[in-house]
Amino acid sequence: MWQVVGQTRAVSLLQRSLERGSLAHAYLLIGPAHVGKMTLALNLAQALNCEASDPPCGECASCQKIALAKHADVQIIGLTSNGNSAEAKPQAEISIDQIRQIQHSASLPPFEGKHKVFIVDGAEQLSDEAANCLLKTLEEPVSKVIFILLTINERLLPATVTSRCQRLELPPLAVTEVETTLSSSWGIELQRARLLARLSHGCLGWAISAASDDGLLRQYTERLDRLLDIINADYEERFAYAAQLAAQFSQNRELVQEVLDLWLDWWRDLLLVKVGCSDIITNVDRSATLIEMAKGYSLAQIKAFINSIQAAGGQLRQNANPRLVLEVLMFSIPGKGGVVEEIPLPNVR
Ligand SMILES: [Zn+2]
């Protein structure tokens with residue numbers, strides 16, 4: 001049984017190809033973080049090596065080894081798979097050495113299973129040399145060897161690489177599907193399942209992690225509390241916050257995008273409340289705050305600030321000066337009751 005939840009389109013395509021023996025030698029699984037790309041890749045690796053008549057059974061020795069990442073013919077490479085000693089610098093790219101290593105392994109016959117499967121997690125993080133090196137392998141397929149590349153954004157990969165792979169898109173699940181899965185398969189209490197499902201934006205993996213790791217939800221709550229403080233803060237504090245975020249940006253871009261996404265969620269919720277659709281808000285546990293806060297803004301103000309957050313996200317992705325972008329964003333937070341405050345512009349240079 002395929003364990004990945006939802007994703008019926010991708011699963012049925014793979015299932016048909018398996019039955020016809022017409023699998024591609026390389027796949028590119030595209031979808032947001034925690035949507036189920038790795039689960040599907042491992043399921044495919046299981047299906048290719050399963051010992052039962054209805055693969056992937058999930059129960060035979062081979063399926064179990066793959067689930068535990070202990071199968072000699074299924075290898076996963078990504079940023080975390082090396083450089084894990086305490087002194088090692090965080091690895092910025094998937095290196096050419098990692099690709100050479102799997103190329104060597106791909107040249108040898110399967111050790112214990114039927115197929116060799118190489119999963120490249122976060123393929124957008126391949127260095128240019130590594131991507132070129134991988135391309136050579138993709139151009140010369142070897143029988144019984146399958147590559148599965150996972151990415152959140154295929155445009156960050158060279159077209160020469162993506163064109164050699166069969167694309168499979170994994171869209172976010174419906175929030176209700178996440179909610180149902182959380183309560184029926186994971187035994188999560190309804191109220192909590194509802195909140196986690198909304199916060200996950202259809203990425204079940206995130207909701208499952210957050211259900212078992214209180215830290216994730218606590219971090220979310222802390223960031224949201226900080227956001228609410230900043231909305232009510234004076235400009236000095238807002239700009240200090242912008243500077244702090246900008247400093248984090250140089251260390252961890254993703255984290256700052258996560259914060260911006262949280263801002264976007266909050267203001268979209270305000271918009272939904274304002275137009276009378278509070279039943280579909282993300283922050284279901286804060287609906288009272290949202291309703292109260294929405295009273296202080298006009299619809300136009302909320303829409304304008306949502307545009308500002310989106311613009312800031314776009315500018316950061318295009319490598320604009322993070323401090324400047326975030327200061328402009330802080331400057332654009334609307335004043336309550338439609339009051340425009342007289343304040344000096346940040347020093348734009
Ligand atoms: Zn099996």
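Predicted model: local features only at pLDDT ≥ 70, side-chain atom pairs only at ≥ 80, totals over all residues.
Residue numbers start from 1 along each chain as its sequence is written. Local features need pLDDT of at least 70, side-chain atom pairs count only at pLDDT 80 or more, totals for chains, interfaces and linings use all residues, and side-chain values use heavy atoms, with hydrogens and water left out.

**Stop 1: the zinc ion**

Select the zinc ion with Cys50, Cys57, Cys60 and Cys63. Their SG atoms are its protein donors, 2.2 to 2.3 Å away. (Donors are N, O and S atoms within 2.8 Å of the metal, or 3.2 Å for Na, K and Ca.) The four donor atoms subtend angles of 103 to 117°, so the arrangement is tetrahedral (four donors, all angles between 85 and 135 degrees). The sequence spacing reads C-x6-C-x2-C-x2-C.

Next, pick out Cys50 and Cys63, 13 residues apart. Cys50 lies in the loop between helix H2 (37-49) and helix H3 (61-67), while Cys63 is in H3. (Helices are DSSP runs of H or I, at least four residues, numbered from the N terminus.) Both cysteines are buried (under 20% relative accessible area, 1.4 Å probe, protein chains only; exposed is over 50%).

**Stop 2: helix H11**

Select residues 235-251. Now colour the buried residues of H11: Tyr235, Arg238, Phe239, Tyr241, Ala242, Leu245, Ala246 and Phe249. They cover an arc of only 155° around the axis, which puts them on the same side of H11 (the arc uses directions from the helix axis to the C-beta atoms).

Show helices H10 (214-232), H12 (253-274), H14 (299-317) and H15 (322-332): the buried residues of H11 pack against them (contact means heavy atoms within 4.5 Å). Turn to the face away from the buried side, and find exposed Glu236 and Gln251.

Terms used. Tetrahedral: all angles 85-135°; square planar, octahedral: opposite > 155°, others 65-115°. Helix = DSSP H or I, 4+ residues; strand = E, 2+ residues; numbered from the N terminus. Expected span 1.5 Å × (residues − 1).
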